[in-house]
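Morning, everyone. I have one structure to walk through today. Let me put it on the screen.

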2 protein chains.
Amino acid sequence: MVTIRDIAGLAGVSRTTVSRVLNSSGYVSEQARSRVMQVIEETGYVPSEQAKALRTKKSNVIGVILPRMSTETASRVADGIENVLNREGYQMVLANANLKVEKEIEQLKLLESRRVDGIILLATNKEEKLLDAIRNLSVPVVAIGQDLPDVTSVVYDDYHAARDMTEAILKKGHTRVGFIGVYESDHAVGILRKQGYKDAMKAVGLTTEDSWAQQGDFTGESGYEAMKRMMNESAEHPSAVFAVTDRLALGAMEYLKSRGLEIPDHIAVAGLGNSELSRYVTPSLTTVDYDYEEAGMRTADLLLERLNRSGEKREKIVMGYRLLFRDSLI
Amino acid sequence: MVTIRDIAGLAGVSRTTVSRVLNSSGYVSEQARSRVMQVIEETGYVPSEQAKALRTKKSNVIGVILPRMSTETASRVADGIENVLNREGYQMVLANANLKVEKEIEQLKLLESRRVDGIILLATNKEEKLLDAIRNLSVPVVAIGQDLPDVTSVVYDDYHAARDMTEAILKKGHTRVGFIGVYESDHAVGILRKQGYKDAMKAVGLTTEDSWAQQGDFTGESGYEAMKRMMNESAEHPSAVFAVTDRLALGAMEYLKSRGLEIPDHIAVAGLGNSELSRYVTPSLTTVDYDYEEAGMRTADLLLERLNRSGEKREKIVMGYRLLFRDSLI
DNA sequence: CTGTTAGCGCCTTCAG
DNA sequence: CTGAAGGCGCTAACAG
């Protein structure tokens, strides 16, 4: 691999001069510059960002930790992030946490060891050991998806989105509204969205059967099973179901269809997230739209700001949402 | 940032000794080791992979160039890649080519400047300048998706998959089979799949109207428009349509539905790729299943092999496929 | 078992 | 305008 030293030798100048033309810093005679450029051309020399980073203490790399690769939300957020990172001359290294806190922490440390300039964490929980790990990190971290104490975060307005959607369902005249949520270790999705549902119900003085509130784990199958339990365990069936995730809603729809129930006539369904699937499924799914790309962009912006003006105070951005009424709810 | 030198000082040993316990190489007395470990613990020291890489000339980072972020195929392939990379102790840096050859080349160079150990290119074309860029690279490249000359590649069996599906359509009794393809700069999808369709048609001696073969650009909208053109321009409408991509097929279905045509009764549809959407859309889409995760894994394996046993000859792996008969074709 | 020495490839004072 | 010298954090001979 050809180095700056080789270029200097071939061009008959010092490494310093080569460095200067590389970074267009300081004065270089036109003569020297063109000689250096020519040699670079001929040799196909590519400066080592690695060595440069070691010296300058800036790698121009941002680490991004995803809960899982290859989920629609994660990749849409990553898309937004990559967008601004690329525009600002940063590269992105992706790390997969596979939904495990331990793995999240491990990836944080791994990225730190790579000396990335900053880390974006697509957060799925607020566990104390995670927060600890972030505190002990010497790399700035920005979170998205959960409101992490003391960590600059971009969050979705989970509570109001869920509450709004539930109210919209009620407004359609439904009084028996079922709910499919997820485990509570995911604060944003598991707790906040459920709270939105519960508060909306309480506000209109409706009572609910225990069996109307079921729990899944983000997979379609778990939505299917949750819906099945709801139907089997309830004395009176709900006339509408709100699932905190489109995928859960889709699973629920599958179960309902398998039972020969018509959506929305026998039972209406609403989800949250505006996944691609929600548009294409029949009947199309009423859901809440979150702008994941935008959220990713905002998060990246926030991180880069922090890098430039370090010592800034913690910030928090709450992303808005939009209710999308489609055919699964009338 | 605490360095190996600090640890050495605090533990009262030399940097070499610290390095040795870090890498568990060479002999270190239990006494020295525990002292070092303790200091590392106390200080939260994290060795710089960067400095290590500069010295060892191995970064344990693999670059992956995607045609676009946030498409289902890309992220499924990336998932497979990440899987084996992670298992083997590598990190993945993602680069987005945005479907532009120039950007692909730019990203190749950028990754080279980062001194990644290898590059996986999700290829979308075989343009000469791309091949040139790869040749001039000092980093091993493995391609997936296109059979790049002189480059170790993993490819899908595009020709036979398309031909098989077309034959399956013909076997159902259809004689007027339309086709929606893509631009030919994408050799695998644009040329090979079309050839499969044409050969299958020719083999049974069927003539086709020119208007039955339309072209899109991978988007659903373009599939919609292609289908519209096919219906508007043809003297006799096809009774079945094969689209080289599920997304195109979905777009075509949307157009057909908007015209009030029944699928598959009035016109049957088949796609290729087994996207998630294909399962959920109504009617469910008959398509060809490619195991993208597996392909990603094979590609990563291939690259890592090359890194270990360098100087290996070029290899080429052809991935198999599976026809999935669903409701959009009878 | 341990330390000394010498870089990896680059940038950055500091003198010319 | 240019170069010499030094060092970023780490590992790898080579001596002890």
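Some ground rules. This is a predicted model, where local features need pLDDT of at least 70 and side-chain atom pairs count only at pLDDT 80 or more, while totals for chains, interfaces and linings use all residues; side-chain values use heavy atoms, with hydrogens and water left out. Residues are numbered from 1 along each chain as its sequence is written, and chains are lettered from A and ligands numbered from 1 in the order in which they are written.

Salt bridges, then. The term means a side-chain nitrogen of Lys or Arg within 4 Å of a carboxyl oxygen of Asp or Glu. Over all chains, there are 37.

Take A:Arg314 and A:Asp147. Their side chains meet at 2.7 Å, N to O. A:Arg314 sits in the loop between helix H13 and strand S11 of chain A, and A:Asp147 in the loop between S4 and S5 of that chain, 167 residues apart. Helices (H or I, at least four residues) and strands (E, at least two) are DSSP runs, numbered from the N terminus. A:Arg314 is partly exposed, at 35% relative accessible area. A:Asp147 is partly exposed too, at 26%. Buried means under 20%, exposed over 50%, partly exposed in between, with a 1.4 Å probe and protein chains only.

Next, A:Asp289 with A:Arg322. The closest N and O atoms are 2.8 Å apart. This pair links strand S10 to strand S12 of chain A, 33 residues apart. A:Asp289 is buried, at 12%.

Now chain B. B:Glu106 and B:Lys103 form a salt bridge at 3.8 Å, N to O. Why are they separated by about one helical turn? Because they are three residues apart in helix H6. B:Glu106 is partly exposed at 42%, but B:Lys103 is buried at 16%.

On to strand S5 of chain B. B:Ser153 and B:Val155 point one way, B:Val154 and B:Tyr156 the other, and all are buried. Strand S4 runs parallel to S5(B), joined by two bridges. S11 of chain B is also parallel to S5(B), with four bridges. Two strands pair if DSSP finds at least two bridges between them. Which residues partner B:Val154? B:Ile144 stands opposite B:Val154, and in S11(B) the partner is B:Ile317.

Last, the surface. B:Glu254, in helix H11 of chain B, is partly exposed at 41%.
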